[in-house]
Amino acid sequence: MENDNDGNGTNLQTMWTPMDTKKENETKNMSKPEMLQPILEQGKTKTCTGCHKTKTLNHFNKDKKGKYGKGAKCTECRKIENKQRYKDNKNKIKENVKNYYEKNKKEINEKRKESSREYTKKYYNENKEKCIEKTKEWRKKNKKHIKKYDKKYKKTNKEKIKKIKHEWDMKNVEHNKIEQQKRTRRLPERVWATHSLYGHKRNGCEIKITIDELEQIAKNTKNCEYCGHELIYRAKQKNDRKYIPTLDRIDIENEIRLDNIQILCIICNTTKLNRTHKEFIEYYKNLSKKFNDGDNKNATLELATNGDNKNE
Ligand SMILES: [Zn+2]
Ligand SMILES: [Zn+2]
């Protein structure tokens, strides 16, 4: 166990197996003469009846009836024998295993589960940081899959989630109060950016910017890009609503990108409707031409310049 510092954890499955515990228990339950056996065995040899080679005792399995308490055949020969026996009786052995499993299904599965649970727990406790890092990595790589799974889980466990959430809320009344206060105290630009992006997403737009980015743009946009009126990000009076900022896609593309948006007051945006920037400006030019009688600021300016030119 202490030797697992290779840093990749791949051989951990082989590190601890039920076999190891068996061995441990065997050593624990050994009587003194048995524990001394390895020392007594040193130097003694025995000839295998299989391969007829003379080998030291550690090459033989335990057998109470044999000479020196060891079997007649060496471990090598045993292995070969067992392999052959398995080959000869493959189907029968497989069937026996299958039958045994069928008979004791419940118990075996329970034991397997228990052992796996214990192993996971033990491994986690010994490698907490590594586990957390690995989980993070996995989540990053499987974002799509997780999203799909979460959606499905939420759908099939609605009541359960509701219950857990309710229980949590009851336990955390104070915490929730503070969070709620934090939310209402949040900057109006932030709230606006969040709502705008969600709204566009709901309408089928592809969002290519973050809430942070839009919040920053909002903070830098104090006035409507068209009419120049001050934008009111948190409307308090009914009259303020005319100048609520709206997110406009300059040329009505399906995407929301940094380079194709502007913030307009709601009046300008509803007037623009589904026109591109060019179409909208053209519309206003025509309107201006039709009703131009000198009241228009631009028109006066034009007249003034013309007048200057004439004076020259
Ligand atoms: Zn042998
Ligand atoms: Zn405007």
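The legends below accompany close-up views of a predicted model.

**View 1. The largest nonpolar core of the predicted model**. This core has 14 residues, and those touching the most other members are A193, A218, C224, L231, I263, L264 and C265. Two or more residues are contributed by each of α11 (188-202), α12 (211-220) and β8 (261-265). Strand β8 provides four residues, the largest share of the core. In soluble globular proteins, nonpolar side chains tend to be buried together.

**View 2. The surroundings of A218**. Apart from neighbours within four places in sequence, A218 has contacts with E189, W192, A193, Y233, P245 and I263. Two of these partners, A193 and I263, are listed with A218 among the core residues that touch the most other members.

**View 3. The two sides of helix α12**. The buried residues of α12 are L214, E215 and A218. Viewed down the axis of α12, they fall within an arc of 105° and therefore line one face of the helix. An α-helix has 3.6 residues a turn, so residues three or four places apart point the same way. The cover over the buried residues of α12 includes α11, β6 (245-249) and β8. On the face turned away from the buried side, α12 carries the exposed residues D212 and N220.

**View 4. Helix α14, residues 277-291**. Helix α14 has 15 residues and reaches 21 Å from its first C-alpha to its last, which is close to the 21 Å expected at 1.5 Å a residue. The number of buried residues among the 15 of α14 is zero, so this helix lies largely in the open.

How values were computed
Residues are numbered from 1 along each chain as its sequence is written. Chains are lettered from A and ligands numbered from 1 in the order in which they are written. This is a predicted model: local features need pLDDT of at least 70, side-chain atom pairs count only at pLDDT 80 or more; totals for chains, interfaces and linings use all residues. A nonpolar core is a set of buried Ala, Val, Leu, Ile, Met, Phe, Trp, Tyr and Cys residues joined through C-beta atoms within 7 Å. A residue is buried if 20 or more other C-beta atoms lie within 10 Å of its own, exposed if 12 or fewer, and partly exposed in between; C-beta atoms are placed from the backbone. Two residues are in contact if their C-beta atoms, placed from the backbone, lie within 7 Å. The arc is that of the directions from the helix axis to the C-beta atoms. The expected span of a helix is 1.5 Å times one less than its number of residues.
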